[in-house]
Structures are given as structure tokens and as C-alpha cells.
Amino acid sequence: MRTVEWHEGRVRLIDQRLLPSEFRVVELTEVEAVARAIREMVVRGAPAIGATAGFGMALAALRSPARDREGVLRDLERAAEILRAARPTAVNLAWAVERVLRRVAEERDPGRMREAALEEAQAIADEDVAVNRRMGEIGASVVPDGATILHHCNTGALATVDYGTALGVIRAAHEQGKRVHVLVDETRPRLQGARLTAWELQRLGIPFTLIADNAAGHFMRTGQADLVLVGADRIAANGDVANKIGTYKLAVVAKENGIPFYVVAPTSTVDLSLSTGEEIPIEERPPEEVTALTLMGKPVAPEGVPVANPAFDVTPHRYVTGIVTERGIAYPPFHLTLPPLVEGGTE
Ligand code: MRU
């Protein structure tokens, strides 16, 4: 099944908190429950939360008791606010919400407005799969045969509606018959690499080795990584990239060692309204994500310790070799190459 889908009037999600131990599917019928699922990371990954928010808007439209156009729009504005507040960094969430709102506002009849909301949400989900496959094809060109690829967090089918962004590129290279090996960063504190990327790669039969986050620098300095591939949650107009915490450190060490560092993201992740990454809001998550981890069945930190837990960091554009999108690869200077790619759709 897809990571996110519409099923008989409900939003159906794979509960990613339980993987790899348990594969459980949840079905949601209220926009508040959809926002909670995003906040609590039942579903995560920028494109996946975008598609989920789109379906959340469809739920709100279908459940709105309003009889006239203004009433439906009011209910949708309220739903939009609830969804936008769920997680702040990935711009795909706000992008999908706006897209449904804009489409619904084109209609006059409340019945048509409800249908249009679901049609648009479904289009967002379907396009995401097509976009990922296209990025896979385009991005595979930067993967040499025999490459060892360092990868952070989870950017696979689970982070999208299906197929994946950076992991989609790895998957496409593998499907083309290239021999690839993935170094999977475990990605503390929520371990998306160890739990989700390792699970996906195992099922796809793509060779990989799981490493502790702290080992990545060692592998790069000793010539055991040829390429770094990551996803993104928001990219500013100058090419600064917000992605899972720890990405910045990888980019700096990659540059120091002359290793190409590519970001793979759909154009819906690029926020041209922000001129630099300084303006990207960074989500701070609960301290328990850091302290409640257990080792040998025991908590890893004393009770009540002060914790800082930013979920994302910003990698300045000077560390980025290229940005792979569904419309082609942008290369530096990104402030000149990225906007036309996003606005014009040229390759
Ligand atoms: O906190 P998460 O798990 O939602 O963070 C996910 C990431 O940082 C991914 O790298 C990013 O969303 C791109 S995934 C296609």
C-alpha cells in the first residue's frame, strides 16, 4: 500500500512509529486526528506530510455541515490553521493545504467544492509518486556504478506517498543495474535510518550497512563513501537546505573530503519566498525523544536533565553540490538556477 491514501472516506496511514517491529495501518476521520498524526509522527517525511495534510483538507470539506460557499470556506480555513500548526519546517505541508484551498475557492457550489477538495488532494498524492520516479531517473545519473552512498534519515517510500526522494534515486540506480551500497545513518534521536531506511532497503534487496551517526565522518575521511544523498524539508531561494538534524555536519565533512553532496527534493519543497535558510523555522521537539531512548532496557540519561532537541538543521548552499528535482538538477549558483527551475519548469 501507499504510505498515505484515501480509503472509503478515511485517511489511511502506515503507523511509522511502530516500524520495523510492527506493520499497523490507522484510519482517520477527523482533521484534528490528522494533525495529531503528523505532530506525533505516525506519518513523517516532507512529501508524505504534505499529501496527508491535503487529505486532511478533503476530510474537513466532506465533513463540513455548511450549506453555502462561505460556510465551507470558513470551515476549510479553520482546518488549514490546525494542519499548518502541526509541524513547522517542511514547507510541503503548507503548500498542500494552500493548493487545496485555492482549488476549492474556484468553485461556487458547496457540493462541487467538496468534490474539488478530494480531487485536488488525490492529485497531490498521485503527482508525488510520479515526481519521485522522475527524480529517481534524473538523479541516478549522478550515481556511479559501484558507488557507496551515505544516506541520512529516511527519504524512501515511507517519507513520501511512494518510491522516495534520495532513496528513490538509490532505488532507480539499483533498478538500472548499477551496483550500489548504502551507508545508512541511524539518525538519532528518532532513528528513522535504523528503523525505516534499513527496513525499506532490506525489503528492496539493496545492499547496505547500518552505521552510528558518529561514524559517518570516519567513513568519509577513510575513502569509504563516494557520494552523500539526502532529502530536504525546505529549500530557500539561494539553495540553503533544511533537513533532518545532522545533515549540516555531513555536508561539511563531505566538502572537506571532496565528496559530492546532493540534495534530492521535489520543487514543492523549494520555498522561493525565503531568500536564505536563516528564515526557515526549525522545529523543537519534546525532550523525551532524546532521553527516553533505552539501552539494555535502561533510559540513556538521568531523569530530568536539560535537553535541546531541534529536529532539523540548515546546510548553507556552499556545501551543496547539486539539487535534484523532478525538473532537472540545479547547480550553483543556486540563486540563479533554482528559481527558474521551480517557476518555469525547464530542464
Ligand atoms: O522528522 P522527519 O522524519 O519528518 O524528517 C524527515 C526528513 O528530514 C527527510 O529527510 C525529509 O523530509 C525529506 S524526505 C523525502
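User: Is Asn92 buried or exposed?
Analyst: The relative accessibility of Asn92 in this model is 2%, and buried is the class under 20% relative accessible area, with exposed over 50% and partly exposed in between (1.4 Å probe, protein chains only). The model is predicted, so local features need pLDDT of at least 70 and side-chain atom pairs count only at pLDDT 80 or more, while totals for chains, interfaces and linings use all residues. Residues are numbered from 1 along each chain as its sequence is written, and side-chain values use heavy atoms, with hydrogens and water left out. At 2%, Asn92 therefore counts as buried.

User: Which residues does Asn92 touch, not counting those up to four places away in sequence?
Analyst: Asn92 lies in helix α4 (residues 91–105), where helices (H or I, at least four residues) and strands (E, at least two) are DSSP runs numbered from the N terminus. Contact means heavy atoms within 4.5 Å, and by that criterion the residues touched by Asn92 are Ala46, Pro47, Gly50, Asp233, Pro266, Ser268 and Thr269.

User: What is the relative accessible area of His7?
Analyst: His7 belongs to strand β1 (residues 4–7) and, neighbours within four places in sequence aside, is in contact with Arg12 and Glu27. His7 is partly exposed, and its relative accessible area is 25%.

User: Why do the buried residues of α9 line one face of the helix?
Analyst: In α9 (residues 247–256), the buried residues are Thr247, Leu250, Ala251 and Ala254. An α-helix has 3.6 residues a turn, so residues three or four places apart point the same way. The face turned away from the buried side of α9 carries the exposed residues Lys249 and Glu256. Seen down the axis, with directions taken from the axis to the C-beta atoms, the buried residues of α9 line one face because they fall within an arc of 100 degrees.

User: Are α6 and α7 roughly parallel or roughly antiparallel to each other?
Analyst: Helix α6 (residues 166–175) and helix α7 (residues 192–204) pack at an angle of about 15 degrees, with their axes 12 Å apart; axes are lines fitted to C-alpha atoms, for helices over the stretch in contact, and angles run from 0 to 180 degrees between N-to-C directions. The contact involves Leu167, Arg171 and His174 of α6 and Thr197, Glu200, Leu201 and Leu204 of α7. Angles under 35 degrees count as roughly parallel, over 145 as roughly antiparallel, 65 to 115 as roughly perpendicular and the rest as oblique. The two helices α6 and α7 are therefore roughly parallel.
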